[in-house]
Amino acid sequence: MQGWTEGYVTEIGYTHGFHVELLPWEMAAALPDAPIRPDQPFDYCELGFGQGFSLALMAAANPQARFWGNDFNPDHVAHVRGLADAAGLTNLTVSGAGFREYLHEYLPAFDIIALHGVWSWVGPVARADVVRFIDARLKPGGLVYIGYNVLPGWAQYLPLRRLMLEQARREDGSLPARIAAALDLAGRLEGQGAEYFRINPTLSPRLAQLQGRPAQYLAHEYFNESWEPVYFADIAADLAAIGVHFAGQRRASDRWEAALQAPAIAAAAGPGGDDPVFAELLRDYLTNRPFRRDLFRRAGGTAATPDPDPCWAALGHPRDLPRRATLPGGSVVEPDWELSHDILASLQAGPLPLSVLQARHGTAVPGALGLLTALDLLTPALPPAGLSARAMTAQRLNAVILHQALQLDRLQALACPVTGGAIAVDRVEQLFLQALHQQAASPPEAAWAALAAVGQRLLRDGRLLETPKQNLVELEERWQRFRQRRLPLLCSLGAVQP
Ligand SMILES: C[S@@+](CC[C@H](N)C(=O)[O-])C[C@H]1O[C@@H](n2cnc3c(N)ncnc32)[C@H](O)[C@@H]1O
């Protein structure tokens with residue numbers, strides 16, 4: 001499988017996912033001294049952007065900024081160019097160059113360089129090229145976001161991946177056929193009671209999970225020649241060598257849990273506890289999580305002055321608020337329910353500045369905002385200045401996405417001009433929106449007509465709904481939920497124009 005792609009899979013295109021981690025304003029909100037501010041243009045680069053859907057969403061929601069990126073798979077580049085052309089996005093420039101060649105293209109210095117799902121999926125040569133790119137192209141004070149597979153969280157799965165890769169190498173035929181043969185082999189060994197599976201009880205559920213994933217995903221996740229989860233300490237050292245240092249975790253829930261984990265880390269670390277890199281390494285052992293989302297920062301530059309009165313927008317309905325919740329790292333949290341509920345209710349009509357929320361709901365608001373963000377029910381919003389320009393480009397891309405939903409189940413998010421970000425919106429929700437746009441008398445019936453026209457049916461509890469009647473009943477239920485909770489929210493975020 002070696003060649004011009006250095007062993008990286010190109011036979012099958014990657015999935016069309018939208019990754020919330022890449023959104024620039026949520027990155028900025030993670031730091032007290034972010035390099036970007038809403039009233040100023042900035043330059044953002046995504047390396048190895050896959051199908052480029054996240055990049056297109058960000059460009060559409062932020063016409064004041066410029067977005068750049070590369071991916072050496074020509075189909076990926078064609079896909080994102082197609083989206084940008086169809087939506088008339090003039091602030092998005094993509095390249096089909098590999099990381100090494102991209103460095104020599106005519107590019108600005110970047111405020112943000114982001115890589116999601118790339119670092120541990122490429123070999124040491126490509127990783128060194130990425131580091132050189134960051135060194136040459138990141139502004140002083142600029143941010144780097146990296147999402148990657150980490151050790152020890154992946155430790156017990158490495159031999160499973162090797163087994164599947166070896167089998168795929170031995171087979172002839174298309175990559176999907178070789179992937180199927182590799183999964184079969186792993187299943188056979190597991191069925192024979194192989195000791196490797198017996199002493200690692202988390203393997204069987206993982207294998208079952210893999211058996212349900214599309215070849216498109218598996219090809220890129222497991223069947224590259226290079227696939228190497230790394231230790232946090234190693235990635236931190238690679239970037240420290242070019243003056244780029246760990247600045248914090250990207251996800252609000254990880255930051256919330258970090259505060260809860262601080263005493264355990266201090267107790268384990270002893271005198272070494274004040275070294276942030278060592279503390280992060282210990283955190284990975286404490287949590288055994290498989291994926292990290294990190295922000296790194298180059299020293300220097302002028303940090304943007306934090307907005308003393310930032311705006312906030314709801315990402316959920318008050319009825320989505322749990323009394324008790326388990327964060328991704330396993331910590332159980334209990335929000336101040338009355339206050340959090342009131343904040344979410346206030347934000348249903350649209351974003352509000354902190355000062356207004358405090359005037360309405362009291363001085364405990366900032367603490368509640370932190371946990372609501374960690375629960376993915378809240379996000380920072382941009383000030384109203386510039387909203388109409390953002391809405392224009394976002395609506396153009398959203399129209400392209402909704403139109404595509406009539407045929408394909410691929411692009412599952414819409415751009416949000418209110419936040420300069422995007423929100424996940426599934427295919428059925430998109431079909432409802434398309435029906436509303438076309439003033440259909442019954443959105444569930446219009447959605448069913450669209451699905452039936454391309455020979456598709458819905459799943460309920462993993463079971464295919466066979467008859468038109470079953471599908472219509474399901475769509476009617478989903479429509480009622482959508483109309484009451486999600487539609488007002490999508491309008492408040494500007495993803496849909498009321
Ligand atoms: C696992 S995919 C992740 C894609 C995307 N970032 C995402 O998370 O959806 C890795 C991507 O990196 C690209 N890639 C791998 N090696 C590369 C290289 N040397 N230069 C440019 N792109 C590369 C692949 O084509 C692929 O799209």
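**Salt bridges and helix packing in a predicted model**

In this predicted model, Asp39 forms a salt bridge with Arg37, the closest N and O atoms lying 2.7 Å apart; a salt bridge here is a side-chain nitrogen of Lys or Arg within 4 Å of a carboxyl oxygen of Asp or Glu. Asp39 is exposed, with a relative accessible area of 53%, whereas Arg37 is partly exposed at 28%, where buried means under 20% relative accessible area, exposed over 50% and partly exposed in between, with a 1.4 Å probe and protein chains only. Because the model is predicted, local features need pLDDT of at least 70 and side-chain atom pairs count only at pLDDT 80 or more, while totals for chains, interfaces and linings use all residues. Residues are numbered from 1 along each chain as its sequence is written, and side-chain values use heavy atoms, with hydrogens and water left out.

The structure holds 27 salt bridges, and another of them joins Arg169 to Glu166, with the closest N and O atoms 2.9 Å apart. Arg169 and Glu166 both belong to helix α6 (residues 158-170), where they sit three residues apart, about one turn of the helix; helices (H or I, at least four residues) and strands (E, at least two) are DSSP runs, numbered from the N terminus. Arg169 is partly exposed at 39% relative accessibility, and Glu166 is partly exposed at 29%.

A salt bridge between elements is found where the side chains of Asp320 and Arg485 meet at 2.8 Å, N to O. Asp320 lies in the loop between β8 (311-314) and β9 (325-326) and Arg485 in helix α20 (residues 468-492), so the pair ties together parts that are 165 residues apart in sequence. Asp320 is partly exposed, with a relative accessible area of 36%, and Arg485 is partly exposed as well, at 28%. Elsewhere, salt bridges that share partners join Arg251, Asp254, Glu280, Arg283, Asp284, Arg289, Arg292 and Asp294 into one network.

Helix α11 (residues 232-240) and helix α13 (residues 276-287) pack at an angle of about 150°, with their axes 9 Å apart, the axes being lines fitted to C-alpha atoms, for helices over the stretch in contact, and the angles running from 0 to 180 degrees between N-to-C directions. The two helices α11 and α13 are therefore roughly antiparallel, given that angles under 35 degrees count as roughly parallel, over 145 as roughly antiparallel, 65 to 115 as roughly perpendicular and the rest as oblique. Phe232, Ala233 and Ala236 of α11 meet Val277, Glu280, Leu281 and Asp284 of α13, contact meaning heavy atoms within 4.5 Å.

The contact involves Leu339, Asp342, Ile343 and Ser346 of α14 together with Leu357, Arg360 and His361 of α15.

Finally, Leu382 is found in the loop between β12 (378-381) and α17 (387-405), and Leu382 is buried, with a relative accessible area of 6%. Leaving aside its neighbours within four places in sequence, Leu382 is in contact with Trp25, Pro38, Asn62, Gln64, Cys311, Arg390, Val418, Thr419 and Gly420.
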